[in-house]
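Open the model in your viewer and keep the selection tool at hand. The stops below are meant to be taken in order.

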Amino acid sequence: ERLLAGEAEVHLELAEATIFFSDICNFSSISNRLTAAEMLSWIGYVFFVVDHVADHYQIHKIKTIGDAYLAISGLPGLGPSASEDPGGPSVRMALFACMVAQIFSGRYLHPDAGQCLSAIAATSALLKKEQRVRAKRNSVASSAKHSMGSSAGGSSNPQGLCVMRYGIASGPVTAGVLPGKCPAFDVWGQTVNLASRMESTSRPSVVQISESVFQAISRHRDNSFA
């Protein structure tokens, strides 16, 4: 909107924001075993669910890159007020990440699971999409199971089709809209790089957080989800 209004550049210097990265483990191996239609249906369903959890926690999705998902909390005007968000953007992002991890791996017991899952289940589009992909799951589950890995303790993933790694970091972030043929909002800086490293060095189904995020969670009066 600001570009359309005539601004040549749109950028923000955020003193504190929280960045989230995730990607699907062994995505290349799994996608090679699926038809184009099956792959698009599967990854579309995964991101569809993540989008709904992001909406629930007022997390701003930046983009998907292949099988990776990039999001931010702490953008001015795109989150709850300070009185409604006592834990701040880092705690809210951690709740979001743990909720996604619970849905796709069954690894965490999340205090907000009932409310969030009910909100997702109430979305008719999700229910219709789940019906369409159920048959796809059954046909590829046996071939995908070996390459997908397992959750903690060596047991197989209850969902059978999607194991992800997660990384979160907080700190200064530069954000803005890249002008050109396809203007797009994006983020840059050491915090973004750190979140990416948190994700890439994490274990499957684990949410790895930076020291700054850990400190924010530790200060929060209700950190039972951690």
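An axis here is a line fitted to C-alpha atoms, for a helix over the stretch in contact, and angles between N-to-C directions run from 0 to 180 degrees. Keep in mind that this is a predicted model.

Start by selecting helix α3, residues 88-105. At 1.5 Å a residue, its 18 residues should span 26 Å, and the C-alpha atoms at its ends are 26 Å apart, which agrees. Is α3 enclosed or open? Of its 18 residues, 17 are buried, so the rest of the structure largely encloses α3.

Angles of 65 to 115 degrees count as roughly perpendicular, so α3 is roughly perpendicular to α7.

Now show the side chains where the two helices meet. On the α3 side are S90, V91 and A94, and on the α7 side are V213, A216 and I217. The residues of this contact comprise five nonpolar, one polar and no charged.

Then select F20, F96, F104 and M164. In the largest nonpolar core, which has 36 residues, these four touch the most other members. Elements that each supply at least two residues of this core include β1 (10-24), α2 (36-56), β4 (164-178) and α7. Which element gives the most to this core? That is α3, with eleven residues. In soluble globular proteins, nonpolar side chains tend to be buried together.

Last, select L14, L70, I72 and A169. They are among the 14 residues of another core, which lies apart from the largest one.

Key
Residues numbered from 1 in each chain as written. Predicted model: local features only at pLDDT ≥ 70, side-chain atom pairs only at ≥ 80, totals over all residues. Heavy atoms only, no water. Helix = DSSP H or I, 4+ residues; strand = E, 2+ residues; numbered from the N terminus. Parallel < 35°, antiparallel > 145°, perpendicular 65-115°, else oblique. Contact = heavy atoms within 4.5 Å. Nonpolar A, V, L, I, M, F, W, Y, C, P; charged D, E, K, R; others polar. Core = buried A, V, L, I, M, F, W, Y, C linked by side-chain atoms within 4.5 Å. Buried < 20%, exposed > 50% of the residue type's maximum accessible area, 1.4 Å probe, protein only. Expected span 1.5 Å × (residues − 1).
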